[in-house]
Amino acid sequence: MNAIPDPVIAPTHAGPAERQRTVGVMVGKVMVGGSAPVVVQSMTNTDTADVDSTVRQVAALAQAGSELVRITVDRKEAAAAVPHIRDRLARIGIDAPLIGDFHYIGHTLLKEHPACAEALAKYRINPGNVGFGEKKDRQFAEIIEIAARHDKAVRIGANWGSLDQELLTQLMDINSSSPSPVSARAVTREAMVRSALLSAGRAEELGLPKNRIILSAKVSAVQDLIAIYREIARRSDYALHLGLTEAGMGSKGIVASSAAMGILLQDGVGDTIRVSLTPEPGGDRTLEVKVAQELLQTMGFRTFVPLVAACPGCGRTTSTVFQELASDIQSWIHASMPGWRGVYPGVENLNVAVMGCIVNGPGESKHADIGISLPGTGESPVAPVFIDGKKAATLRGPGIASEFKAMVATYIDRRYGMGGQAP
């Protein structure tokens with residue numbers, strides 16, 4: 001009998017591609033690009049002229065972990081409100097930089113409301129609607145010159161839904177007369193790339209340095225987004241903002257955004273991200289922040305909150321005890337994090353396991369920093385707890401949930417509190 005040869009273990013991929021080297025851009029006190037980690041940002045959906053509502057939502061987004069917050073500046077009342085919003089936020093201890101979202105009349109609003117121009121940390125403009133016809137270059141220049149005068153960053157954001165039609169028509173005409181024409185979709189992708197890059201080049205000519213420019217090219221289709229950003233990254237070293245525009249509601253929006261941005265981030269492309277979810281009526285706007293954080297954390301780029309591993313459940317776990325405990329622990333951790341950050345440095349690296357039966361429960365619990373293996377259907381009603389890979393206790397009875405939470409709190413205090421051995 002022939003001997004079975006020794007297996008050849010192929011080297012595995014060590015992780016994501018090295019981040020593309022982009023020029024770092026300071027947005028307020030937050031660095032985007034360069035050697036900085038990928039930054040999470042979000043956008044309000046309040047009427048910016050309503051100072052109270054906008055302050056509340058910016059504060060909620062920032063407290064949820066949004067490091068940059070964009071607000072709509074669409075008319076004079078909104079522009080006049082911006083400095084008051086900035087000042088009110090400062091008084092309650094919220095220092096997330098504010099980004100002004102300008103379309104059509106940004107040049108007028110910034111010129112007529114200098115306090116707004118000064119209060120914002122970054123301006124977001126769209127080369128497809130910054131101006132039309134002979135006014136386009138002049139109005140674009142006015143915004144760039146104001147940004148340069150105030151030393152503000154500018155995001156030049158091309159968008160599929162408002163693409164520069166003059167540029168698109170020009171490229172379509174060139175393509176139609178080519179001996180080897182490509183598809184209209186390919187031409188549109190190229191128009192998106194060129195719109196962003198040509199506008200950035202013009203901004204530099206007008207005196208805005210590269211370290212004040214961030215580019216984006218947002219579309220609503222996953223494959224188009226990946227292709228366009230890969231091409232922009234290949235042709236330039238500008239800092240890049242990633243986002244799938246009009247991603248949609250609920251799981252569809254989460255899956256689409258995660259698929260598109262996950263691939264680009266794995267390729268080393270992207271310096272700041274936003275998950276553009278359509279909220280449910282009356283829904284929680286901060287969900288988009290949580291999804292962005294979870295995307296970055298599950299891919300291993302950043303850590304924001306302790307991870308809770310939990311099994312999906314099966315016929316061996318007809319009891320809902322482990323589901324309820326996993327939900328309870330996760331909710332408790334998220335609610336506690338704002339206070340923990342200042343008291344327990346490094347606590348975001350904690351790994352907790354809440355497992356539901358004997359098959360994988362003990363093993364997964366041993367891999368976590370602290371984990372519990374709850375009894376499955378027909379198993380003895382005992383729940384071993386493992387700390388740092390070793391069995392530390394066995395819990396029984398109706399108080400398992402509260403006892404385990406107390407053990408997690410004690411572990412956090414011991415490991416990450418004053419005198420602890422946080423990594």
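What follows covers the overall chain and then a sheet with its packed helix.

This is a predicted model, where local features need pLDDT of at least 70, side-chain atom pairs count only at pLDDT 80 or more, and totals for chains, interfaces and linings use all residues. Residues are numbered from 1 along each chain as its sequence is written, and side-chain values use heavy atoms, leaving out hydrogens and water.

The protein chain has 13 helices and 17 strands, counted as DSSP runs (helices H or I, at least four residues; strands E, at least two) and numbered from the N terminus. Its C-alpha atoms fill a box of roughly 80 × 70 × 40 Å along the principal axes. Of the 423 residues, 50% count as buried, meaning under 20% relative accessible area with a 1.4 Å probe, protein chains only.

Now for the sheet: five strands form an open, mixed one in the order β13-β14-β15-β16-β17, with pairing taken as at least two DSSP bridges between two strands. Here are its edge strands, each pairing on one side only:

| Edge strand | Residues |
|---|---|
| β13 | 307-310 |
| β17 | 390-396 |

On average, neighbouring strands here are turned by 15 degrees against each other, direction ignored. Further in, β15 (residues 370-373) runs antiparallel to β16 (residues 382-387) over three bridges, and G371 has F386 of β16 as its bridge partner. Helix α11 (residues 321-343) packs on this sheet and touches β13, β14 (351-355) and β15, a contact being heavy atoms within 4.5 Å. The direction of α11 makes about 160 degrees with that of β14, using axes fitted to C-alpha atoms (for helices over the stretch in contact) and angles from 0 to 180 degrees between N-to-C directions.
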